[in-house]
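User: I'm new to this and I'd like to know what the words really mean. Can we go through the structure together?

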Amino acid sequence: MATYSRRTRIDAPLEAVWAFHGQIDGLEALTPGWMGLSVDGVVGPDGDADPPALIEGSEITMASRPFGVAPESRWLSRIVAREHGEGYRMFRDDMLGGPFALWIHTHEFYGDGEETVMIDTVDYELPAGPVGPLVDRLAVVGFEPMFRYRHRRTRELLEGGDYPEWMPSVDDDDSHTATADS
């Protein structure tokens, strides 16, 4: 298994960064156009389509066709954990079906005054049999531009306090995120 990680400081409060990342619109806004991502559906843990937030048990069906010419790859991802603590938020998703033999993506957010430190960590394996560990290290070539874009785009969309209109309201009260975690 290989691991990729990227850390960024965002000049936006923890609650704003958390609210942004808790929506399927956040995923779509952070995916580079060259990935050719389409979200086919989101189902909540209760089976309802299009839940208001990506909570534990939610499943996301996606397709990606990089650069519009690569073969389409289909993904089924599931939110497997969410944590909401003092100055810390986290959610983790895994891949139930898709191009990787293993994909576990941990999204961590640490409040630091009016800023947030965001860390993406991906544990992954490509389906490459016995040469997998060697091939896994090469995946960083694809991960680096994608995650660099995601982190830069998060800063662009959230710094300055002019948040996307689809994002839930952000205030000093943690109640809106507490209900999304239940």
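User: How many residues of the lining of the largest pocket are nonpolar, how many polar and how many charged?

Analyst: The lining divides into 20 nonpolar, 10 polar and two charged residues. Here Ala, Val, Leu, Ile, Met, Phe, Trp, Tyr, Cys and Pro count as nonpolar, Asp, Glu, Lys and Arg as charged, and the others, Gly among them, as polar. One heads-up: this is a predicted model, where local features need pLDDT of at least 70 and side-chain atom pairs pLDDT 80 or more, while totals for chains, interfaces and linings use all residues. Residues are numbered from 1 along each chain as its sequence is written, and side-chain values use heavy atoms, with hydrogens and water left out.

User: What makes this a pocket, and how much space lies in it?

Analyst: On a 1 Å grid over the protein atoms alone, a pocket is an open set of points where a 1.4 Å probe fits, with protein on both sides within 12 Å along at least five of seven lines; lining residues have an atom within 4 Å of a point. About 700 Å³ of space lies in the largest one, counted as the space filled by probe spheres on points joined across faces, edges and corners. It has 32 lining residues, and those closest to its centre are Met-35, Trp-75, Trp-103, Met-146 and Arg-150.

User: Which element gives the most to that lining?

Analyst: Helix α4 does, with five residues. Other elements giving two or more include α1 (14–21), α2 (24–30) and β5 (88–97). Helices (H or I, at least four residues) and strands (E, at least two) are DSSP runs numbered from the N terminus. The chain has five helices and seven strands, in the order β-α-α-β-β-β-β-β-β-α-α-α.

User: Why is the contact of Arg-6 and Glu-144 called a salt bridge?

Analyst: The rule asks for a side-chain nitrogen of Lys or Arg within 4 Å of a carboxyl oxygen of Asp or Glu. Arg-6 and Glu-144 come to 2.6 Å, N to O, so the pair passes. It also links distant parts of the chain: Arg-6 is in strand β1 (residues 2–10) and Glu-144 in helix α4 (residues 140–158), 138 residues apart. The count by this rule is 10 salt bridges.

User: How do you know that Arg-6 is partly exposed rather than buried or exposed?

Analyst: Buried means under 20% relative accessible area, exposed over 50%, and partly exposed in between (1.4 Å probe, protein chains only). Arg-6 has 22%, so it is partly exposed. Glu-144, at 24%, lands in the partly exposed class too. Of the chain's 182 residues, 40% count as buried.

User: What separates Glu-144 and Arg-148 in helix α4?

Analyst: About one helical turn, because they are four residues apart. Their side chains meet in a salt bridge at 3.7 Å, N to O, and Arg-148 is partly exposed at 38%.

User: What about Glu-156 and Arg-153, how far apart are they in α4?

Analyst: Three residues, about one turn of the helix. Their salt bridge spans 3.1 Å, N to O. Glu-156 is partly exposed at 48%, and Arg-153 is partly exposed at 26%. As for networks, salt bridges with shared partners join Arg-6, Glu-144 and Arg-148 into one.

User: Why does Phe-67 count as exposed?

Analyst: Its relative accessibility is 61%, so it is over the 50% line. Phe-67 lies in the loop between β3 (59–64) and β4 (73–85).
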